[in-house]
2 protein chains.
Amino acid sequence: MNDQTLVTDKWRAAYAARRLAEFTSRCRERGLAITPQRVAVMRVLVASGDHPRAETVFAKLRKEYPNISLATVHRTLETLCAIGEARKVTPLHDSARYDGNTAPHHHLVCVRCRKIRDIDVPEFNDLLHGRQSLGEFQLLGCAVEVQALCGECRRAANSGVRTPNSRGQTHNLKQRITREGETLWRKH
Amino acid sequence: MNDQTLVTDKWRAAYAARRLAEFTSRCRERGLAITPQRVAVMRVLVASGDHPRAETVFAKLRKEYPNISLATVHRTLETLCAIGEARKVTPLHDSARYDGNTAPHHHLVCVRCRKIRDIDVPEFNDLLHGRQSLGEFQLLGCAVEVQALCGECRRAANSGVRTPNSRGQTHNLKQRITREGETLWRKH
DNA sequence: TATCGGATGATAATTACTATCACCCAGGCG
DNA sequence: CGCCTGGGTGATAGTAATTATCATCCGATA
């Protein structure tokens with residue numbers, strides 16, 4: 001892991017151009033309408049190397065589309081994630097989850113019900129191979145989150161109950177999910 | 001990585017007993033008062049293998065201390081993290097950050113200003129070694145987040161400007177931080 | 001180009017915290 | 001062992017980020 005591992009702006013620019021060129025056909029395949037807002041959000045996002053928040057994308061778009069709504073930006077970003085055109089860097093949590101286990105270990109998270117299990121994979125504890133820095137960054141540690149589907153959710157997903165759920169994934173059924181083993185009702 | 005990698009309940013029970021026994025002396029070392037609430041939060045947390053949210057800890061505590069306040073639970077959990085007696089599983093983000101780069105890569109995050117940089121470490125892309133499942137969990141993928149301090153923040157931290165910041169770390173100075181390159185003021 | 005359902009903008013509502021502040025009590029002191 | 005004092009607590013108001021609602025709009029297909 002050396003300085004080359006940081007993704008460069010040059011690489012990203014070329015990548016952005018390609019992704020944008022494919023975007024309309026990707027939408028059509030998915031049956032999504034191609035609206036100016038949707039294209040604009042995609043363009044701003046894919047041109048950003050800085051992992052913007054919805055507000056930041058919104059601020060950039062306002063210069064061009066003074067009437068665009070922040071809600072649209074939120075919705076569109078979630079839509080892009082849902083169709084695989086973007087990723088959420090803050091993956092699976094919508095509220096802080098605490099762990100009393102301070103021993104080195106990592107986490108296995110069910111992407112559907114958000115159940116978290118500790119996993120202890122010794123090799124994960126040395127991913128940095130003792131490296132102290134990377135470019136201008138001083139390395140402190142690292143956390144591995146393994147995304148998975150627990151047994152219960154796998155069965156539910158297969159029997160067509162309806163797939164994921166997360167703050168901001170777009171469908172409007174009320175859906176029963178289990179959060180930390182408690183069953184509760186959650187809206188979308 | 002086999003089934004043994006899941007941390008067992010048996011292990012956790014023994015671990016919990018040990019941690020709790022040490023807790024009061026740990027507080028004393030840090031100059032923290034030993035209050036019934038603080039001990040109770042610690043006890044509930046360390047006995048939970050399910051990475052509870054503040055609300056969940058609160059619900060359990062209410063049975064025992066009907067007057068305990070949710071705010072106290074939030075504060076205490078953050079305090080426990082601050083002194084290293086607990087970890088926050090949802091590490092460094094307080095709002096969703098999106099990435100238009102859907103190519104396999106991982107993230108380097110500055111723990112102080114929360115700047116995010118993409119990193120591409122090919123070996124991180126095969127941490128699961130093609131494993132499809134672990135116990136009842138069907139594995140889908142994994143995300144590595146490398147915690148670091150960027151150059152700017154390293155300098156600031158050294159010159160004593162005051163160290164971290166995060167939703168819920170306890171001090172009351174207003175502090176200048178940079179979020180995604182925009183400079184803004186943020187309260188504590 | 002008429003139609004229709006998905007998309008949008010405006011805004012209210014919700015969720016998960018955090019700040020404030022008056023009161024309380026843990027722990028050092030005499 | 002009973003004061004003192006400041007950190008800790010409970011109650012509650014406030015805030016930030018996101019989601020829901022709904023009337024209106026407009027992109028896509030016929």
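User: Two strands pair if DSSP finds at least two bridges between them; which residue of β6(A) stands opposite A:Ser133?

Analyst: The model is predicted, and in it local features need pLDDT of at least 70, side-chain atom pairs count only at pLDDT 80 or more, and totals for chains, interfaces and linings use all residues. Residues are numbered from 1 along each chain as its sequence is written, while chains are lettered from A and ligands numbered from 1 in the order in which they are written. Strands are DSSP runs (E, at least two residues; helices are H or I, at least four), numbered from the N terminus, and two bridges join β5 (residues 133–134) of chain A to β6(A), the two running antiparallel. Within β6(A), the residue opposite A:Ser133 is A:Gln138.

User: Which strand of chain B gives the most residues to the side that touches chain A?

Analyst: Taking residues as in contact if their C-beta atoms, placed from the backbone, lie within 7 Å, the contact draws 65 residues from chain B and 65 residues from chain A. On the chain B side, the most, 13 residues, come from strand β6 (residues 137–149).

User: How many bridges join β6 of chain A to β6(B)?

Analyst: The two strands run antiparallel, with A:Ala148 opposite B:Leu139 and A:Val146 opposite B:Cys142. The number of bridges that join them is eleven.

Definitions and conventions: Contact = placed C-beta atoms within 7 Å. Pairing = 2+ DSSP bridges.
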